[in-house]
Amino acid sequence: MTFGEHLEELRGCLFKSALGLALGFALGLMIGGPVVGFIQRPLSRALTRYYQQESVERLENELAKDKQAGRTSPWTSQEMQDRVLKNDMLADEVYIDPREMLQELKKNYPDELKHVPPLTTKTSANADPTDSLIRLFLWHRNADDSRIRVKSLNAQEAFGVYVKGSLLVGVLLASPWIFFQIWNFVAAGLYPHERHYVHLYLPFSLGLFLLGASLAFFVVFEPVLNFLFSFNRSLGIDPDPRINEWLSFVLLLPVGFGLGFQLPLVMLFLERIGVFTIKNYLSQWRIAVLVIFALAALLTPPDPYSMLLMAVPLTFLYFGGILLCKTLPRHESPFQEGQPSSGQS
């Protein structure tokens with residue numbers, strides 16, 4: 001094929017891929033709401049863990065202060081941790097002025113409390129102002145905490161999130177068709193005896209893409225979020241993520257992992273068509289690992305945790321690609337040098 005014919009083939013493949021993506025997006029619009037709810041779960045779980053740990057640390061500090069001041073606490077440290085971690089509850093520390101509380105009670109129950117004298121407090125000039133107040137911890141369920149619920153900045157952001165969630169569904173649904181078109185374009189530039197590799201590798205390519213995307217969503221998201229939120233805790237800055245920003249993160253990371261997991265198949269394909277040999281892969285493994293880490297830094301958000309979670313599996317996949325080249329049988333090419341054609345004696 002000429003260069004113009006290759007461009008024409010590329011245009012046709014891109015147009016067909018776009019049609020498949022549009023169809024997948026239309027189907028995604030029907031289930032966009034549940035998908036957005038499903039996408040929020042890793043972020044909600046990470047926020048819950050963050051505020052649970054923050055609540056436990058704060059309560060333990062208060063218990064230590066009570067012990068140091070000789071005051072008795074209504075619960076032990078273990079009971080407090082069980083309430084937070086096992087019963088899924090968070091505590092808010094509040095202070096109540098007993099004089100104001102008694103005054104309000106007398107307003108609402110004048111007959112019952114008419115004989116109760118007003119309270120007086122005696123505090124020195126250097127005393128802590130909170131010494132005259134009653135300290136209480138108000139408990140509430142995690143699900144009722146506004147800090148854990150994901151927020152939007154404006155009225156139209158929810159609609160944009162719905163569209164992005166539907167687009168993510170469309171990409172996943174259309175990925176078999178898109179990969180088929182990509183490999184068809186690759187096949188157009190190959191010799192006839194090389195094109196059977198395209199039909200052989202297509203299902204493996206799709207499987208590796210879905211495996212990488214699943215690894216990102218089910219394994220990588222929460223460790224990365226916990227790592228990033230640890231900086232919030234160390235700096236004393238409470239996280240308040242927006243759903244639109246989180247969804248952009250969700251779209252980026254699985255696609256990067258899915259593309260990165262094509263590595264062993266690409267290695268096998270290049271080895272079969274003679275671009276590289278197994279000896280080349282083995283002799284240049286150090287450079288290959290360096291390139292893997294560089295690509296992982298480009299395909300993931302700018303944090304070292306997600307980069308390592310991509311680069312380490314890809315390093316193993318690189319050596320798995322070498323093993324794949326060694327173990328899969330090689331079919332002899334009818335155009336191999338030194339082999340007579342069918343018309344020769």
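A: Asp88 counts as partly exposed, because its relative accessibility is 38%, where buried means under 20% relative accessible area, exposed over 50%, and partly exposed in between, with a 1.4 Å probe and protein chains only. This is a predicted model, in which local features need pLDDT of at least 70 and side-chain atom pairs count only at pLDDT 80 or more, while totals for chains, interfaces and linings use all residues. Residues are numbered from 1 along each chain as its sequence is written, and side-chain values use heavy atoms, with hydrogens and water left out.

Asp88 sits in the loop between helix 3 (77–86) and strand 1 (89–96); helices (H or I, at least four residues) and strands (E, at least two) are DSSP runs, numbered from the N terminus. Although Asp88 is not a glycine, its phi is positive, at about 55°. Most residues other than glycine have a negative phi.

Elsewhere, Ser55 belongs to helix 2 (residues 32–69), and Ser55 is buried because its relative accessible area is 1%. Apart from neighbours within four places in sequence, Ser55 is in contact (heavy atoms within 4.5 Å) with Val84, Leu90 and Ala91.

Leu136, in turn, has its place in strand 2 and is partly exposed, with a relative accessible area of 34%.
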